[in-house]
Amino acid sequence: MKKLLALTALAVVSVGGQAQTFPGSKPVSIVVPFTAGGPTDRVARDLAEAMRKQIPGSNFVVENAAGAGGTIGATKVAKAAPDGHSLLLFHIGMAATPALYRKIAYKPLEDFEFLGMVNDVPMTLIGKPQLPANTYRDFENYIRANAGKLNIAHAGLGSASHICGLLWQSNLQTKDAMTTIPFGGTAPAMTALIGGQVDVMCDQTTNTTQQIESGRVKAFAVTTAKPLAGHPVLKHYPSLQEMGLKGFNLTIWHGLYAPKGTPAAITKTLNDALKKALKDPEFIKKNEGLGALVVTDNRTDPAEHKKFVAAEMVKIKAAVDAAGKYAD
């Protein structure tokens with residue numbers, strides 16, 4: 001009995017010690033499962049700086065581990081030592097990859113500790129400048145009248161534009177109205193749209209706002225539940241929900257994760273730092289510059305973060321299964 005009590009006391013001291021010494025002299029690596037320079041990478045670098053300020057003596061660095069729709073980077077963190085020094089920043093792909101990739105080396109809801117949501121990035125539905133439609137209603141009618149003749153671009157399997165396009169077509173029930181054209185990134189997809197080689201694309205405001213403002217593409221709607229009334233450019237466009245797509249509400253959100261088994265004391269330290277970072281005026285300003293909205297609701301709590309991702313997984317799986325097209 002005395003031996004058991006001694007071991008229990010030692011375990012408590014050990015966990016407490018981990019929290020007090022974390023992160024120590026070792027840097028905390030935020031793994032981004034995409035290439036450097038993209039929206040998720042920029043969010044990660046801004047977050048790393050904001051969290052560094054919340055934990056005295058800490059050093060947060062960003063590591064890019066791109067490939068396979070984000071599954072390479074996610075697998076890397078899922079299999080990393082659960083000591084708080086390897087974190088994952090993933091967007092909506094965290095919920096999409098189990099549907100798109102039916103054989104992946106990790107289970108999103110089981111192999112990670114959820115640390116909290118970071119931000120939401122609205123999406124926009126855009127078309128090539130040559131389209132005759134100028135309003136969303138005219139655009140929808142044009143699609144139905146030209147079923148089988150149009151195409152929709154995306155930046156690659158598992159990309160934000162791919163997921164958005166799937167969900168939009170699923171809600172419209174126009175699966176066969178457009179041919180899907182995948183590209184190797186947002187830049188070539190946008191170039192093709194501007195040049196008129198493709199007809200439609202749905203992508204993040206971080207990638208579309210400048211093109212809309214310059215008149216290089218036509219905008220028809222935003223994917224948030226309500227119109228973006230405060231946005232200087234997108235305030236003029238309706239939401240898909242108010243145009244009749246009941247319940248349609250899609251943003252490209254980002255969340256922070258640690259490997260399963262990371263001690264509770266360390267995950268609490270990280271969650272506390274994250275919550276403070278999300279209130280950092282400089283971090284908020286940088287997100288606004290990207291067209292992103294920092295999360296202020298209860299999804300910053302780990303349990304609510306996990307609950308939200310689980311619901312997104314159900315929604316996306318239904319759209320992917322309806323399309324019948326998988327990454328594997």
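**Cavity, pocket and rings**

Guide: The largest cavity holds about 40 Å³ of space. The model is a predicted one, in which local features need pLDDT of at least 70 and side-chain atom pairs count only at pLDDT 80 or more, while totals for chains, interfaces and linings use all residues. Residues are numbered from 1 along each chain as its sequence is written, and side-chain values use heavy atoms, with hydrogens and water left out.

Visitor: What is a cavity, and what is a pocket?

Guide: Both are found on a 1 Å grid over the protein atoms alone: a cavity is a set of points where a 1.4 Å probe fits but cannot get out, whereas a pocket is an open set with protein on both sides within 12 Å along at least five of seven lines. Lining residues have an atom within 4 Å of a point. Grid points are joined across faces, edges and corners, and a volume is the space filled by probe spheres set on the points. In this structure there is one cavity of 30 Å³ or more.

Visitor: Which residues line the largest cavity?

Guide: The lining consists of D46, E49, A50, K53, D280, E282, F283 and K286. Two elements, α2 and α10 (281-290), each give two or more residues to this lining. Such elements are DSSP runs numbered from the N terminus, helices being H or I with at least four residues and strands being E with at least two.

Visitor: How many residues of each class line the largest cavity?

Guide: Ala, Val, Leu, Ile, Met, Phe, Trp, Tyr, Cys and Pro count as nonpolar, Asp, Glu, Lys and Arg as charged, and the others, Gly among them, as polar. The cavity lining has six charged residues, two nonpolar and no polar. For the largest pocket, the lining has 16 polar, seven nonpolar and one charged residues.

Visitor: What is the volume of the largest pocket, and which residues lie nearest its centre?

Guide: Its volume is about 500 Å³. Of the 24 lining residues, F34, A155, S159, G185 and T186 lie nearest the centre. The elements giving two or more residues to the pocket lining are α2 (39-52), α6 (160-172) and β7 (200-204).

Visitor: How many aromatic pairs does the structure have?

Guide: Rings of Phe, Tyr and Trp (its six-membered ring) pair if their centres lie within 6.5 Å; planes under 30 degrees apart count as stacked, over 60 as edge-to-face and the rest as tilted. A search of the whole structure gives eight such pairs. One of them joins Y106 and F112, whose ring centres are 5.8 Å apart and whose planes meet at 85°, so this pair is edge-to-face. Together with F114 and Y257, Y106 and F112 form one aromatic cluster.

Visitor: Are Y106 and F112 buried or exposed?

Guide: Buried means under 20% relative accessible area, exposed over 50%, and partly exposed in between (1.4 Å probe, protein chains only). Y106 is buried, at 3% relative accessibility, and F112 is buried as well, at 1%. G57, in the loop between α2 and β2, is exposed, with a relative accessible area of 72%.

Visitor: Which charged residues lie over the face of a ring?

Guide: A charge sits over a ring if NZ of Lys or CZ of Arg is within 6 Å of the ring centre and within 35 degrees of the ring normal. Here R102 lies over the face of Y326, at 3.9 Å from the ring centre, and R299 lies over the face of F308, at 4.8 Å.

Visitor: How far apart in space are A189 and A153?

Guide: Their C-alpha atoms are 6.2 Å apart, although 36 residues separate them in sequence. A189 is in helix α7 (residues 186-194) and is buried, with a relative accessible area of 0%.
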